[in-house]
Amino acid sequence: VSPCPRNSSMAVRVEDCRSNDATISTASEQSRRPLGLLTIAVLIFYNVAGGPFGVEDAVSDGGPFWALLGFLVFPFVWCVPEACVTAELATMFPHNSGYVTWVTAAFGPFWGFLEGWLSWLSGVMDNAIYPVLLLQYLVQHWPQLNDEGPRVAFLVGFITFFTLLSLRGIEVVGGTAAVLSLFVLSPFVVMVVLGVPQMDPSRWAKRNSESEVDVIELLNTLFWNLNYWDSISTVAGEADNPGKTIPKALGIAVVVVVLNYLVPLAVGIATTEQSSDWNTGYFYAVAVQVCGGQTWLGLWLLASAAVSNIGQFLAEMAADSYQLDGMADLGHIPRVFARRTRFGTPYVGILLSAAIVLLLTVVFGFKFIDLVELLNGVYCVSMIIEFAAFLTLRHRHDTTGDGPDSWRVPLPTWAMALMVTPAAFFCALVLVLPFIKGEWLQAFVPLILIVVGAAGYWLRSWCKADVVNGSPLLTRSTPDWGLDTSSHED
């Protein structure tokens, strides 16, 4: 590990961290970086969207008008600011710890550890959604999968097989996702072409009555479908020329993701009559309807749903496991999480993530919307911390992007503050609404996990201090990142 030098005031020197980040690596990172522009763009697409699957609940929760308006406006409120923050900081710190590095550099190790804890948990909860979401699509055609035995067998088989594929290596994951993305979008292209002549655009303006609008579920559905742009930062250390590939890939992905949601949703709404029928998996019914009752396009769409959720599962598993790998490099967690297979994959993080996904889906049996609402609250806390870290680093340092791996949003800091303020306000709204609505599980889970994370940091610090009695994994020396930790003592 090559540390970032300190200056005379013991503060962070971002320029030195930027230049030395490339040397903070494991053995596999010292070899050729495998991720180019196309692979990174595809991984972002799968981390954020992976197809229009999962948007249907927005129509039943808020009605056609609010669902379409949400997917039209929300990208400017959320996607663009988060993508810009990710592009700038992921290239300033091209390391697999991603946003953990940003927050550690801005606020010190406690907040870096807490950011990593909350982001990793929300990522694992997000990954638990994909086998559940695919199952809900398949039930549209094979209702027997709702029975306990087939349901459990499907979930265990899915999680086990694709965990093993993740262990095979990120080049396989990225290459597989790139091939699968074309197949994922193809049935929706056909559905749009067949549906346009059958559209009634007046249905776009239909609004549910106030009593029929579920604001919390509508916002959660919008947010889940359009978030996780920062996930690509956790594989920034694997990127080829991150200063060029990551910003370009994020720009491409923003356009593709928004069109991926908006176009099929607009056509689907305009070709169906009852918005109350829209729920998870309803695109299957839309596909059958535009084909005049024939099921061939619906079955194609189900196959696409399978491919989409596989791609998202693989992309999220890579992001979560490489985040733990990067946190181990920083000394936030035991070094065992940086161990890799002969294919270069951090297998401990992959296996731990898979175990928790099995726990959430098979043992506890959480449904799609339950997982969405739980993870969104946790993710919102982590994003508020990320936005604060971004503005702090912008204010504290000259991040003009003069290094080979750097890129800077061409706006002054005050303009970036204005850009991220609506996104931060939305995060606060997501956290407050469950208290107003009396949905106590969603309200208190983020608070409980913050307390657990703070306790974990204290325990980690205590174990590291107890060199005699502590585990060798917990007492490993922490890399000197040039952080001014004297002002962040806990």
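Predicted model: local features only at pLDDT ≥ 70, side-chain atom pairs only at ≥ 80, totals over all residues.
**Overall make-up**

The secondary structure of the chain comes to 15 helices and zero strands. Of the 490 residues in the chain, 59% are buried. Among contacts in the chain with a separation of 6 or more, residues 24 or more positions apart account for 82%.

**Helix α8 and its surroundings**

Helix α8 covers residues 215-225, and because nine of its eleven residues are buried, the helix is largely enclosed by the rest of the structure. The buried residues are I216, L218, L219, N220, T221, L222, F223, W224 and N225, and they pack against six named helices: α2 (37-48), α3 (56-92), α5 (109-138), α9 (242-270), α13 (368-396) and α14 (413-437).

**Two helix pairs**

Two packed helices are described by the angle between their axes and the distance between the axes. The table gives these values for two pairs in the model.

| Helix pair | Axes come within | Crossing angle |
|---|---|---|
| α3 and α8 | 9 Å | roughly 45° |
| α4 and α5 | 7 Å | roughly 155° |

On the α3 side the contact is made by D57, A58, D61, G62, W66, A67, G70, F71, F74 and W78, while α8 contributes E217, L218, T221, L222, F223 and N225. Sorted by class, the residues of this contact of α3 with α8 divide into nine nonpolar, four polar and three charged.

For the second pair, the axes of helix α4 (residues 99-107) and α5 cross at roughly 155°, which makes α4 roughly antiparallel to α5. The crossing in which α4 passes α5 is right-handed. In this contact Y99, V100, V103, T104 and F107 of α4 meet P109, W111, G112, E115, G116 and S119 of α5, and the classes here are six nonpolar, four polar and one charged. An α-helix has 3.6 residues a turn, so residues three or four places apart point the same way.

**Individual residues**

T104, which lies in helix α4, is one of the residues that meet α5. T104 is buried, with a relative accessible area of 7%, and its side chain makes a polar contact with the side chain of H332 at 3.1 Å.

S382 lies in helix α13 and is buried, with a relative accessible area of 0%. Leaving aside neighbours within four places in sequence, S382 is in contact with E115, L118 and S119. Of these, E115 and S119 are also among the α5 residues that meet α4.

N279 is found in the loop between α9 and α10 (283-290) and is partly exposed, with a relative accessible area of 36%. Although N279 and D57 are 222 residues apart along the chain, their C-alpha atoms are separated by 4.6 Å. Beyond its neighbours within four places in sequence, N279 is in contact with E56 and D57.

Definitions and conventions:
Residues numbered from 1 in each chain as written. Heavy atoms only, no water. Buried < 20%, exposed > 50% of the residue type's maximum accessible area, 1.4 Å probe, protein only. Helix = DSSP H or I, 4+ residues; strand = E, 2+ residues; numbered from the N terminus. Contact = heavy atoms within 4.5 Å. Axes fitted to C-alpha atoms, helices over the stretch in contact; angles between N-to-C directions. Nonpolar A, V, L, I, M, F, W, Y, C, P; charged D, E, K, R; others polar. Parallel < 35°, antiparallel > 145°, perpendicular 65-115°, else oblique. Left-handed = near helix turned anticlockwise from the far one by under 90°. Polar contact = N/O pair within 3.5 Å; in protein donor to acceptor, adjacent residues only side chain to side chain.
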